[in-house]
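Please read them with the coordinates open.

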Amino acid sequence: REAAPISEGCSLVLGSAPIAVAGTHCTPPRRWSRSCLLVAVALMELARLWRPGGGSAAAGAVGGGSTATAAQESREDQQRRLHDDRRERRMQEHTEIWLRQLLPNYVPGTPPTRRMERLWRQGLPPRVREVLWPMAIGNVLRITPELFEIHKQQAADARRSQALVPSNVLITLHDQTPRGRERSTECIPFDLPRTFPTLAFFKEGGPLHEDCARILEAYTFFRPDIGYVQGMNYLAAVLLLYLPAFPAFVGLCNLLNAPSVLGLYRLEPSAVECRARVFCELCAAQMPAVARVISEAGLTPEMFLIEWFMTIYAKCLPIEVAAVVWDLFLLDGEVVLYCTAIALLRMSESALLSGNGADLEACARILGKDLRRRVCDPEELLWHIQEVWRRTPLRLLSDIRSIADNEFGTGAAPGRSPAAASPGGGVGGLGLVLANWRDSLASRFAW
């Protein structure tokens with residue numbers, strides 16, 4: 001199970017997402033390790049048979065146990081392969097349905113049909129994301145290619161001028177010059193190598209390194225009041241994995257303009273506190289034992305939840321798993337972020353309650369780097385999200401919607417009109433009643 005060296009230019013396929021690896025070490029899939037185990041067991045059996053006097057009862061017992069273990073491993077491997085094959089066939093079928101039947105008749109900005117929504121909630125195929133994600137995000141900011149080029153040129157000019165004057169990166173994070181926070185672009189070269197470090201795309205010299213840097217710099221000059229904030233690199237990287245540079249820039253600008261994301265990137269304490277409060281209520285209602293363990297360990301939601309939200313889970317989960325969270329987020333908005341957080345706690349419940357999460361460091365590890373190893377099946381995560389949504393009280397769903405309403409006057413998902421996100425067109429009264437009724441029906445039937 002040790003990492004195996006992968007030659008430069010090799011391409012791995014994990015699920016439905018192609019992952020390119022160049023000059024790095026990549027952990028092989030489990031079936032490689034199980035195949036090695038089967039070979040080792042077979043060699044042991046051959047050695048036992050050919051060893052003089054190797055037919056003893058003790059050797060036979062050991063050989064029998066090894067054979068049973070190998071058979072069990074083989075059955076598990078076969079079941080996993082069948083599961084992967086079924087998922088691949090289903091993705092191919094869904095791709096054909098989306099490209100031939102659904103997308104040609106879909107009008108961007110309108111609510112999806114029931115059939116579209118049902119397939120959408122099962123996770124979008126990668127080819128469909130290339131088309132549907134820009135439609136779902138929209139372009140309410142009216143970003144044009146000319147505007148993109150203007151801000152890229154401004155960033156290039158600033159980069160050349162900054163190269164002549166040494167500066168302190170830590171100071172430029174809070175630079176309050178009249179121009180704004182344009183100098184925060186100095187942090188981008190330090191963050192890009194840490195963006196999906198197992199991929200070769202965003203490292204120095206990688207195929208998407210330059211595009212990601214230019215997009216982040218252009219956004220900094222597009223919104224100098226916000227500047228570059230850590231976490232934006234993951235949003236831009238996910239978009240670039242599915243979209244060309246300009247559509248990815250349009251998606252980044254409009255995605256960061258969404259209330260559920262913009263409130264966090266403004267780094268306002270009130271935006272962080274209200275989201276942490278709702279999460280604590282939701283966790284205490286659905287998983288009281290886990291909530292107690294996390295509280296006793298001293299792990300506050302601000303230590304992990306805000307990073308999850310700001311990157312839409314792109315940093316803490318494998319890319320093929322985080323992509324399905326993006327699918328749901330673009331469909332349903334901020335409520336998906338909370339349901340995914342509780343779903344991750346459900347999938348980590350045994351580790352947290354077994355005593356391994358008794359202290360702060362252990363809890364942070366379980367909800368940090370261990371998540372990428374534990375949460376590797378998109379279908380399992382989708383099922384847990386569905387269960388969390390079904391069990392969420394309507395009052396908490398209303399509280400989640402009211403966060404964006406209070407901050408920006410709308411709770412719509414990116415690219416969707418306020419009327420589509422809140423039936424009735426109002427925050428209170430009949431609009432709130434209809435919204436609650438919609439959430440109740442969605443939690444029972446939409447999945």
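1. Among contacts in the chain with a separation of 6 or more, 71% join residues 24 or more positions apart. Contact here means heavy atoms within 4.5 Å. The chain has 447 residues, and 49% of them count as buried. Buried is under 20% relative accessible area, exposed is over 50%, and partly exposed lies in between (1.4 Å probe, protein chains only). The chain holds 23 helices and 4 strands. These are DSSP runs numbered from the N terminus: helices are H or I with at least four residues, strands are E with at least two.

2. Basis and confidence. This is a predicted model, in which local features need pLDDT of at least 70 and side-chain atom pairs count only at pLDDT 80 or more, while totals for chains, interfaces and linings use all residues. Residues are numbered from 1 along each chain as its sequence is written, and side-chain values use heavy atoms, with hydrogens and water left out. The pLDDT, the predictor's confidence in each residue from 0 to 100, has a mean of 78 over the chain, and 71% of the residues reach 70 or more. Residues 169-178 fall below 50, and this stretch has 12 contacts in the model beyond near neighbours in sequence. Residues 416-447 also stay under 50; the model gives them 49 contacts beyond four places in sequence.

3. Helices α16 and α20. Helix α16 (residues 335-347) packs on helix α20 (residues 378-391) at about 115°, with the axes 8 Å apart. Axes are lines fitted to C-alpha atoms, for helices over the stretch in contact, and angles run from 0 to 180 degrees between N-to-C directions. The two helices are therefore roughly perpendicular to each other. The classes are: under 35 degrees roughly parallel, over 145 roughly antiparallel, 65 to 115 roughly perpendicular, and the rest oblique. α16 passes α20 in a right-handed crossing. A crossing is right-handed if the near helix is turned clockwise from the far one by less than a right angle, and left-handed if anticlockwise. Residues of α16 in the contact include Val336, Cys339, Ile342 and Ala343; those of α20 include Leu381, Trp383, His384 and Val388. By class, the contact has 12 nonpolar, 2 polar and 4 charged residues. Ala, Val, Leu, Ile, Met, Phe, Trp, Tyr, Cys and Pro count as nonpolar, Asp, Glu, Lys and Arg as charged, and the others, Gly among them, as polar.

4. Helices α4 and α15. The axes of α4 (residues 126-137) and α15 (residues 319-332) come within 10 Å and cross at roughly 40°. That makes α4 oblique to α15. The crossing is left-handed. α4 contributes Arg129, Trp133, Ala136 and Ile137, and α15 contributes Ala323, Val324, Trp326, Asp327 and Leu330. The contact counts 7 nonpolar, no polar and 2 charged residues.

5. Helices α8 and α10. Helix α8 (residues 209-222) and α10 pack at about 40°, with their axes 10 Å apart. α8 is thus oblique to α10. Here the crossing is right-handed. From α8 come Asp211, Ile215, Leu216, Ala218, Tyr219 and Phe222; from α10 come Ala245, Ala248, Phe249, Leu252, Cys253 and Leu256. The tally is 11 nonpolar, no polar and 1 charged.

6. Leu256 lies in α10 (residues 245-256). Leu256 is buried, at 1% relative accessible area. Beyond four places in sequence, Leu256 contacts Tyr219, Met232, Leu235, Val261, Leu262 and Tyr265. Met232 is 24 residues from Leu256 in sequence and 8.6 Å away, C-alpha to C-alpha. Helix α9 (residues 232-242) has 10 of its 11 residues buried. Met232 and Leu235 are among them.

7. Positive phi. Arg142 has a positive phi of about 60°. Arg142 sits in the loop between α4 and α5 (145-164) and counts as exposed, at 65% relative accessibility. Ile312 has a positive phi near 50°. Ile312 is found in the loop between α14 (305-310) and α15, and is buried, with a relative accessible area of 0%. Please inspect both loops.
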